[in-house]
Amino acid sequence: MEIRDVFARNLKAGRQAKGMTQEELAHRAELDRTYVSALERSVYSATIDIVERLAAALGVEACELLKRSPKNLAD
């Protein structure tokens with residue numbers, strides 16, 4: 001699994017765990033909702049600055065959005 005896919009999966013899971021809509025996350029991170037949607041679908045690659053903004057909006061460390069789960073290590 002590519003890092004972009006890992007990020008997309010973690011971003012969506014983190015957002016849903018916080019009970020946020022894409023629109024709410026986008027607002028908190030000062031991004032467009034369609035951009036958040038594209039990131040969650042692995043359409044775009046996020047810059048490190050965007051990763052940090054999204055992590056802050058979710059209240060997690062940026063590394064949490066890039067961390068591979070043990071089951072994903074083989075992918």
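This is a predicted model: local features need pLDDT of at least 70, side-chain atom pairs count only at pLDDT 80 or more; totals for chains, interfaces and linings use all residues.
R28 counts as partly exposed, at 48% relative accessibility. The side chain of R28 meets that of E24, with 2.8 Å from N to O. Both residues lie in helix α2, four residues apart, or about one turn of the helix. As a general point, an α-helix has 3.6 residues a turn, so residues three or four places apart point the same way. E24 is partly exposed too, with a relative accessible area of 30%.

How many salt bridges does a search of the whole structure find? The search finds three.

Another is the pair E64 and K67, where the N to O distance is 2.9 Å. E64 is partly exposed at 38% relative accessibility, and K67 is partly exposed with a relative accessible area of 44%.

That leaves R15 and E40, whose side chains meet at 2.6 Å, N to O. R15 lies in helix α1 and E40 in helix α3, so this pair ties together parts that are 25 residues apart in sequence. Are these two buried or exposed? R15 is buried, with a relative accessible area of 8%. E40 also counts as buried, at 10%.

Now to helix α3 itself, residues 33–40. Besides E40, its buried residues are V36, S37, A38 and L39. What covers the buried residues of α3? The cover includes α1 (3–17), α2 (22–29) and α4 (48–58). After α3 comes S42, which has a positive phi, near 60°.

Notes
Residues are numbered from 1 along each chain as its sequence is written. Side-chain values use heavy atoms; hydrogens and water are left out. Buried means under 20% relative accessible area, exposed over 50%, partly exposed in between (1.4 Å probe, protein chains only). Helices (H or I, at least four residues) and strands (E, at least two) are DSSP runs, numbered from the N terminus. Contact means heavy atoms within 4.5 Å. A salt bridge is a side-chain nitrogen of Lys or Arg within 4 Å of a carboxyl oxygen of Asp or Glu.
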